[in-house]
Amino acid sequence: MLSRLIALARLLYEKLLRYVLKFGVVGLAGYFVDVGLFNALRLGAFGGGHFFQGPIGAKIVSAGIATGVTWFGNRYWTFREHRRKNYLLELAEFSAVSVGGILIGLACLWVSHYLLGFTSLLADNISSNLVGLVLGTSFRFLLYRFWVYGHHRADGLTAREHRAEAARMTIFEDEQSANEAASN
C-alpha cells in the first residue's frame, strides 16, 4: 500500500507538480518584471511626456516585456523537454494564451466593478489580483502545458527525440519492434 502511494506521489510530481512549481517561479519573475517596469515607466524613469508614461502605454510595454520573459523561462526551463522547433509559432501561441489570461482578469474586474457594483479599491484588487489572477493563471498553465508545449506536437523536442530513437533502433531491429519501443 505504501509503495503504491509513493509511486502515485512520484507520478503526480513528474506529470504535474514539477511543472506547476516551475511555472510559478517563472510567473513570479514575469510578475515582478511587469510591476517593476510599469511603475518605473509611470514614475518617469525613462523620461516624461510620452505615451509610455501613461497607464495604457506603460502597461502595454510592461506586459509585453513580461510575456517575453515568461516565454523564455517556460520555453527553456519549465517545459524545456517539450519546446518546439518552430519557436515563432510557439511564441505566437504563447502570446495568444497570455492575452487570454489577461482578458480573464479584466473580465473578473469588469463583472465585479460594473455588473455587481463593488467599486472600492479593495474590491477591485480582490476581483482582478486575486480571483482574476487565479483563474487567468490556471487557464494559462493548462493551455501552455497541453497546447503550446503539448506532447502531441509533432515538432516538439520530445517527439523529435522519440523519432530519432525509433530510427536508431531500426538499424538493429525490425521496424515493428522499433516503433513499439519508441512508443513506450
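This report describes the fold, the aromatic pairs and the nonpolar core of a predicted model.

**Overall fold**

The chain has six helices and zero strands, and from the N terminus on its elements run α-α-α-α-α-α. Among contacts between residues at least 6 apart in sequence, 62% join residues at least 24 apart.

**Aromatic pairs**

The count of aromatic pairs in the model comes to nine. In one of them, the ring planes of Phe-72 and Tyr-76 stand at 50°, with the centres 4.8 Å apart, and because planes between 30 and 60 degrees apart count as neither stacked nor edge-to-face, this pair is tilted. Both residues belong to helix α2 (residues 55-78), where they lie four residues apart, about one turn of the helix. Tyr-76 has a relative accessible area of 38%, so this residue is partly exposed.

The rings of Phe-94 and Tyr-144 have their planes at 5°, under the 30 degrees that stacking requires, and their centres 4.1 Å apart, so this pair is stacked.

| Pair | Distance of centres | Angle of planes | Class |
|---|---|---|---|
| Phe-72 and Tyr-76 | 4.8 Å | 50° | tilted |
| Phe-94 and Tyr-144 | 4.1 Å | 5° | stacked |

Phe-94 and Tyr-144 also belong to one aromatic cluster, which they form together with Tyr-19, Phe-23, Phe-79, Phe-141 and Tyr-149.

**Charges over rings**

The ring of Tyr-19 has the charged end of Arg-18 over it, 4.8 Å from the ring centre. Elsewhere, Lys-59 lies over the face of Phe-38, at 5.7 Å from the centre of that ring.

**Nonpolar core**

The largest nonpolar core has 10 residues, namely Tyr-19, Phe-23, Trp-71, Phe-79, Phe-94, Val-97, Phe-141, Tyr-144, Val-148 and Tyr-149. Two or more residues of this core come from each of α1 (2-42), α3 and α4, and α4 gives the most, with three residues.

Tyr-149, a member of this core, touches Trp-71, Phe-79, Phe-94 and Tyr-144, and its contacts also include Asn-74, Arg-75, His-82, Arg-83 and Glu-90, when residues up to four places away in sequence are not counted.

Note on methods
Residues are numbered from 1 along each chain as its sequence is written. This is a predicted model: local features need pLDDT of at least 70, side-chain atom pairs count only at pLDDT 80 or more; totals for chains, interfaces and linings use all residues. Side-chain values use heavy atoms; hydrogens and water are left out. Rings of Phe, Tyr and Trp (its six-membered ring) pair if their centres lie within 6.5 Å; planes under 30 degrees apart count as stacked, over 60 as edge-to-face and the rest as tilted. Buried means under 20% relative accessible area, exposed over 50%, partly exposed in between (1.4 Å probe, protein chains only). A charge sits over a ring if NZ of Lys or CZ of Arg is within 6 Å of the ring centre and within 35 degrees of the ring normal. A nonpolar core is a set of buried Ala, Val, Leu, Ile, Met, Phe, Trp, Tyr and Cys residues joined through side-chain atoms within 4.5 Å. Contact means heavy atoms within 4.5 Å.
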